[in-house]
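Let's walk through this model together, starting with its nonpolar core and moving on to helices and sheets. Keep the 3D view open as you read.

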Amino acid sequence: MGCVGSSADGEAKRKTEDVDYKNIADDNPDYPPPYIPDSCRDEVIDKDVNSRIQTRIDTMPKQMDQTYESLLKYLSEGATKEAHHVTAIFLWMRCQDYHDDALDLEKDGDTPRGYMKLIKAGEGDFTTFFTILCRRSGIPCKILHGLGKGKDYYIGKPDRQMTTCWCAVFADEEWRLVHVQWAMAGATDDNQNVQNGQANADFFFFTDPDEFATICHPENFRWQLLNQAYSKEEFIKLPYFTPAFFQMDASILGLKAGSVTTHNGKMDFEIAFPRKQMDNIQIKCLLTYQQPLKDMDKKSEAPKTLEKFVFVNRKPSKFICELVFPVPGRYLFDIYNVDANKNGAKIKDMLCQFRIQSDRKFTEETLPEPLPEVPPIGWGPGPTCRKLGLVPLTHFEGCIYMKPGETRDIHFRLTRDLDVVPELTHSYLPIYQLVEQVESEITEDELRLSVQIPEDGHYALKVFAREAGTKDYHLACVYLLRQREKPRLPEKHRDKMLRARLERHLETHTSRKELQAALDALDLYNVPDKGERKRADVKIKQYWEVKTELNSAIKGRNGNVLRKWLERARASPYTADLQDDIKRAEAVDGSLGRRKGYMHPIARMDPHTMTEIHNYRRPPRVAHDVMMATYLLLGERKDDLEEWEQIQYLMNQPGADSLKRRILARRPEDVYVHVAEQADDVIKPYSMEKTREVSNGVSAFYKWNKQFIRDVQQRDMNERERNQLSRDLSGRETYRETDTAATSDATTTRPSNVFVGRGPPLQEEDSGTPREDSSEKMHNENSDRRDSSAQQKTRSNGQRKSEEQGNPVHPFAPEEKQNGHGAMLLRKFFASPSKPTEREAVTPVAYAGWKPQN
């Protein structure tokens, strides 16, 4: 039976696999290697198509699931893409009742209902069932094993309790991640809300790799499908993110780790959401005392309640959580999304979790004052305030800073006829002493509250409202009134100083972080806006964001992503400032375009063509030489390729060592020019027409060889030009140093730049001795390289690079640092997690985001 789903471009149908349902293999050596998908989940999932698929599943005849052939044929009808067929399989599995008593009457055998019977008996699992259905449809499906942070996870949980498995599906020429077990558990959990369960089930189907990598960590890091992969240690140290966190487009600002330490007994967390959603979002923070520190007295009394030591301040686009840890120890900090209404708040979803260690001991005098209230609807004008008909006009945050005796006016617009009653409370001052401190006035459709505080401390201003004519009042809004902790800038010079600071960062390209800090300072001190905020937003989005994403695309070498950000850079008002980045991107894009052209015949080659070449007993000389040149470029020794039987042995290698995978993973940057010239000498007597007379497969390998050799020679030429420029510059620097040496008693030592292979220059370590002339140093290095060329032929390409450079350069090392230490990578859900510091040496292209395209 052929593949029941077919791609829209008319690709030939895949062949189904023979599957032993009782002993199914995790992988198939003929599957494509892991590629980073070009499109995200939202670009693949079509809600209208899914709705039609669900309707068809709901009306499926009862006997249709008696055999795999009938079931898969029914699910595939009308599918125009393989992704649609995989979606139909997933939705059908989610609709089944795996506890049905009728399954006990089914006969044991290789049928869908037969395997459902095994699942009910605990002898089967959803992951294997999904894999069987995909493979019998002709869709490659790999079972991945690793660590996972499920719904019962907490930071600090032992690794042995985190093992899990999931699937990678190759649909429409792209790998997609599916955690079937968690998706089915979310859809069938009777203890949780049905809508939330369906949302969690949808999240674990075709999950985007950057989100999935924070929840599951595979044994083989390549299956993270990311340009910048996490190590196991980094994965464990990440904050705990739940599906709801990503579904709400949340972001954690500032923090990079899930376990943090504070030495002053305080800490602030910032969680941001899209600005257009803030009016409908309310969060709740739960701080839990976990255990005392090892060197602390375990008999010390743990705090009974911590609610009044957590303040959540609402901002226009984020929440700032201010935490106080009254006793030393370890705490768990959970952030929840709540469903706020006029009767209170109900916890809906957990978003993320952190673990904090505090080692400060407070005294009665130094312990910060707890909050006077713990409002169920949260601090500030949130969703409940707007639902009751109050729209804030002046104060949009949850905290109002003021001094004793100072009067503040707070204005609301009334969207309906309301009765409003304000109330001021304090931790120990009685309410009757605070009644005269707050006044209210309603004029037409506007409410004005005038409030004062009698002395230092924390006060809660509560606003109750009810519709005119009704009986009960409901809590609409709560503000925290307190003094500002840090001293304010002088009023006379504050605005001028802050605007000058922002202007300096707008005119120069210092850093995005400093520009954002200058912009936040204007918001912190309520500086009137004169257009600076808009200009800063434009620069952040049109310059810093474009620059960051464009450089990430250059490193990732993903053609579609690169062209997308290249167009954004050309259309940016800062195009002139981005010219260097644009030129680099255009060069990489041109290189990818050339490679895609001659890679296509190899990537799409029929396995029978490869088998035909392999089965030659006495191959034509042209076929032998073309395959010899191919393996020379792949890093093999020429002496090992003289006999055809040796080439046949190499062509018969499975998995990652197969010929096709090695070709797809090879880049010109991985091959020395003398190796390319040696391969060119082998195939020089032949032409494209002569190879085509022998076999189309041999012609495809010949075309790949010729173009690959040209790319290596072009790369070498570019390196020579850079080296020559480096010699010229070094000569001038040496002259200047010699000229000034006579007037200086001390010898100044400066590191010189040495260009080796691709990537940025490696920095020499400062040894305290005068540096030798750069041109002489480059000459010596080139001489050493030529003298050792005979020995290099006996080693693999990766070993040659490591020994030549002194220290192995990590294939994922950023341009800023090539010293084995990680740098920071900006992700959409939290700022700058560190990259892996140690990892096995791999071929960079197999993980660089490039894949052959039609």
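A nonpolar core is a set of buried Ala, Val, Leu, Ile, Met, Phe, Trp, Tyr and Cys residues joined through side-chain atoms within 4.5 Å. Buried means under 20% relative accessible area, with exposed being over 50% and partly exposed in between (1.4 Å probe, protein chains only). The model is predicted, so local features need pLDDT of at least 70 and side-chain atom pairs count only at pLDDT 80 or more, while totals for chains, interfaces and linings use all residues. Residues are numbered from 1 along each chain as its sequence is written, and side-chain values use heavy atoms, leaving out hydrogens and water.

The largest nonpolar core has 98 residues, and within it M93, F130 and I271 touch the most other members. Its largest share, 8 residues, comes from α4. A second, separate core holds 36 residues, including Y631, L659, Y686 and V698.

Now look at the helices. Helices (H or I, at least four residues) and strands (E, at least two) are DSSP runs, numbered from the N terminus. Helix α4 (residues 82-95) and helix α6 (residues 126-135) have axes that come within 10 Å and cross at roughly 140°; axes are lines fitted to C-alpha atoms, for helices over the stretch in contact, and angles run from 0 to 180 degrees between N-to-C directions. Which residues meet here? On the α4 side they are V86, I89, F90, W92 and M93, and on the α6 side F126, F129, F130, L133 and C134, where contact means heavy atoms within 4.5 Å.

I271 has contacts of its own: not counting residues up to four places away in sequence, I271 touches F245, A250, S251, I252, I283, K318, F319, I335, L351 and C352.

Next come the sheets, in which two strands pair if DSSP finds at least two bridges between them. Strands β9 (residues 266-272) and β12 (residues 318-324) pair in the antiparallel sense over 7 bridges, and K266 stands opposite V324 in β12.

Another open sheet of 4 strands has the order β15-β17-β20-β19, also with antiparallel pairing. Here the twist averages 30° from one strand to the next.
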